[in-house]
Amino acid sequence: MLNWNDVMRFARDGNPSPDRKVVKTAAEWRMQLSPEEYRVTREAHTERAFSSEMCSLFEPGVYSCLCCETVLFDAAEKFDSGTGWPSFTQPVKTNSIAYRLDKSWGVTRVETVCNTCDAHLGHVFPDGPPPSGLRYCMNAVALKKATHA
Ligand SMILES: [Zn+2]
């Protein structure tokens, strides 16, 4: 199970290798994604809080990257953070998500991206529920829900 020390180590010293890599040009991503999906996943914008009903859905299933369909989270790790963004406390696999130090807005945060296709997903914070203590604060638009893995 990942904790905050692991996250900071990955962000500072480098991330684990993904199982595969998906690389597309900006033009190819624009063809595949809606303008809003493109802004969030490829330009690291943040969707409006409470903009998706995904925040309040807790049915079993898995959440995949919208861009490359890599499975990122299991619904069993989802919790109600009250923030207005879907929140998880642990990824499905250690190497499914990559971490980057984000110094925009004058504070240092840890950005999370899909380790397979580099899609911006959101940020991770050290104020999640035990035992991991992690809160993955995700843009709903960056995720795709499937009932089965
Ligand atoms: Zn991806």
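Predicted model: local features only at pLDDT ≥ 70, side-chain atom pairs only at ≥ 80, totals over all residues.
**Notebook: zinc site and surroundings**

I started with the metal: in sequence, the donor residues of the zinc ion are spaced C-x2-C-x45-C-x2-C. Donors here are N, O and S atoms within 2.8 Å of the metal (3.2 Å for Na, K and Ca), and water is not among the atoms, so sites may look incomplete.

Residues are numbered from 1 along each chain as its sequence is written, and side-chain values use heavy atoms, with hydrogens and water left out.

**Entry 1, the zinc.** I looked up the ligands: the SG atoms of Cys 65, Cys 68, Cys 114 and Cys 117 coordinate the zinc ion at 2.3 to 2.4 Å. The angles between the four donor atoms come out at 102 to 114°, which makes the arrangement tetrahedral (for four donors, all angles between 85 and 135 degrees). Cys 65 sits in strand E1 and Cys 117 in the loop between E6 and E7, 52 residues apart, so this pair links distant parts of the chain. Strands (E, at least two residues) and helices (H or I, at least four) are DSSP runs, numbered from the N terminus.

Cys 65 is buried at a relative accessible area of 0%, and Cys 117 is buried at 2%. Buried means under 20% relative accessible area, exposed over 50%, partly exposed in between (1.4 Å probe, protein chains only).

Leaving aside neighbours within four places in sequence, Cys 117 is in contact (heavy atoms within 4.5 Å) with Val 22, Trp 29, Arg 42, Cys 65, Cys 67 and Cys 68.

I followed E1 to its partners. E1 and E2 run antiparallel, joined by three bridges; strands pair if DSSP finds at least two bridges between them. Val 62 has Asp 74 in E2 as its bridge partner. Five residues lie between E1 and E2 in this hairpin, and Glu 69 in the turn has a positive phi of about 70°. E1 also pairs with strand E9 (residues 143–146), antiparallel over four bridges, where Tyr 63 is partnered by Lys 145.

Definitions and conventions. Tetrahedral: all angles 85-135°; square planar, octahedral: opposite > 155°, others 65-115°.
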